[in-house]
Amino acid sequence: MKRLLTIAFTTLVALLHFTPGIAQSGVVFSDLQVYYNFGDQAVFQATVGTVNGGEEFFLFIEQTGEDTVVRPAAQTSGGKIETILDLKQYPLRPFARISYYFRVKTPSGESIESEPAEFNYVDNRFRWDLLEDETFQVYWQGRDITFGQSILNAARAGLESAQRYINAPLPKPLKIYVYDNATDLQSALSLTQPNTWVAGHASPELNTILISIPSSPQQQLELERQIPHEIAHILQYSLVGVQYKQLPAWLLEGSASLAELYPNPDYPRAILEAVSEDAILPVDSLCVSFPRDASGAFLAYAQSESFVRYIYQNYGTTGLTALFEVYADGLGCDEGARSALGNNLNELEYRWQQSSLGINSGWLAIRNLSPYLLLFAILVATPLTAGWLKRK
């Protein structure tokens, strides 16, 4: 009995020592709060009891997909500590669920942590209206509820379309935020995203979509184009998980474009112009990323949609799923195509250009053989030139 009491007492002492916010020094954290202006600054506060002087306070901030940020906290009046975070220098992911806690280091070397607190880093420059069902939460600004219902309708139809090409479940609830214009969306993304010209963005790790739909006669068509596209990216992540980022860009964007209820009518025109100018981008150049400039990126999107459509028409959803899986396993761009579809990337590209772009097969053969013809010419010309020089 005495031994059991000793064990119980030892356990209780250990729990008191390691329980966040309470320690032998008597330091207790409470009333954690955060106030922020989106993209500008955030103020993190907590109330601290029993401070004897000499303590050091720190703030820890954690967000999905990012490194933990640690900043010092200063004591203020009323038994509070505070950290003012510059959100330009230390940006938070838009619409992420942010977790934070405080830690104190006492003069004796003891470290005590507060319980963690969380908040949603929503763009509070605007007031958001909400409409939801069991699958989607849609947010919009300034327009009436009929617009909100249009967003929800496009999301439902977009999910059905995207799942025809990407056989994966949708995590719920999916949050969709619709900005009134691209400028506001781009300003929200500018601190964490390099491409400031985008009109839509999916954050699969956050299960969140951001798009911009200006009020215009074309807004319904834009909803039916952008929302299915971004839902497709969420499904891609659902299918392959964290390997999502190592998949070829042409496959990610091509299959997402394929899901659009209202395909971009300018894609065929861009491809025709590129064919006439002999400016078609090689598919293997679209494996890692797309061109940074807007016009080059637009052609890359158009080609990827056409190329993936060709694959779908010839290999079906099974072929697309196989591509996702082998690339998620780490195979290279060319090896993955051969493993999943039985043809390497050059063979697929050759057949796509013939059947979908109408490029003459003889011209394609000459173009594809041109490096070898040049090498052959060099090999033949070298001894002939040497013989001629010798005769001279």
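The buried residues of helix H8 are covered by elements that include helix H5 (249-258), helix H7 (294-328) and helix H9 (345-355); helices (H or I, at least four residues) and strands (E, at least two) are DSSP runs numbered from the N terminus. The model is a predicted one, in which local features need a pLDDT of at least 70 and side-chain atom pairs count only at pLDDT 80 or more, while totals for chains, interfaces and linings use all residues. Residues are numbered from 1 along each chain as its sequence is written, and side-chain values use heavy atoms, with hydrogens and water left out.

H8 itself spans residues 333-341, and its buried residues are Cys333, Gly336, Ala337 and Leu341 (buried means under 20% relative accessible area, exposed over 50% and partly exposed in between, with a 1.4 Å probe and protein chains only). These residues lie on the same side of H8, because they cover an arc of only 100° around the axis; the arc is that of the directions from the helix axis to the C-beta atoms. After H8 comes glycine 342, with a positive phi near 85°.

A search of the whole structure finds 1 disulfide, defined as a pair of cysteine sulfur atoms within 2.5 Å. This disulfide joins cysteine 287 to cysteine 333, with an S to S distance of 2.0 Å, and the link is left-handed, with -80° about the S-S bond. Cysteine 287 lies in the loop between helix H6 (266-276) and H7, and cysteine 333 in helix H8, so the pair ties together parts that are 46 residues apart in sequence. Both ends are covered: cysteine 287 is buried at a relative accessible area of 12%, and cysteine 333 is buried at 18%.

Turning to H7, this helix holds phenylalanine 324, a buried residue whose relative accessible area is 1%. Leaving aside residues up to four places away in sequence, phenylalanine 324 touches Ile166, Gln236, Leu239, Val240, Leu247, Leu251, Leu252 and Ser255, where contact means heavy atoms within 4.5 Å. Its C-alpha atom is separated by 8.8 Å from that of tyrosine 244, which is 80 residues away along the chain.

The largest nonpolar core has 67 residues, and those with the most contacts inside it are Phe136, Ile151, Ile176, Ile227, Ile231 and Trp250 (such a core is a set of buried Ala, Val, Leu, Ile, Met, Phe, Trp, Tyr and Cys residues joined through side-chain atoms within 4.5 Å). H7 supplies the largest share of this core, 12 residues. Isoleucine 227 touches Ile151, Ala154, Ala155, Ile176, Ile211 and Glu222, not counting residues up to four places away in sequence. A second, separate core has 38 residues, including Val48, Ile61, Ile98 and Phe102.

Over the protein chain there are 10 helices and 13 strands, and 43% of the 392 residues are buried. Among contacts between residues at least 6 apart in sequence, 64% join residues at least 24 apart.

As for confidence, the protein chain averages a pLDDT of 87, and 84% of the residues score at least 70; pLDDT is the predictor's confidence in each residue, from 0 to 100. Over residues 1-24 the pLDDT is below 50, and this stretch has 19 contacts in the model beyond near neighbours in sequence. Residues 362-373 also have a pLDDT below 50, with 9 contacts beyond near neighbours. Where pLDDT is low, the predicted coordinates should not be read in detail.
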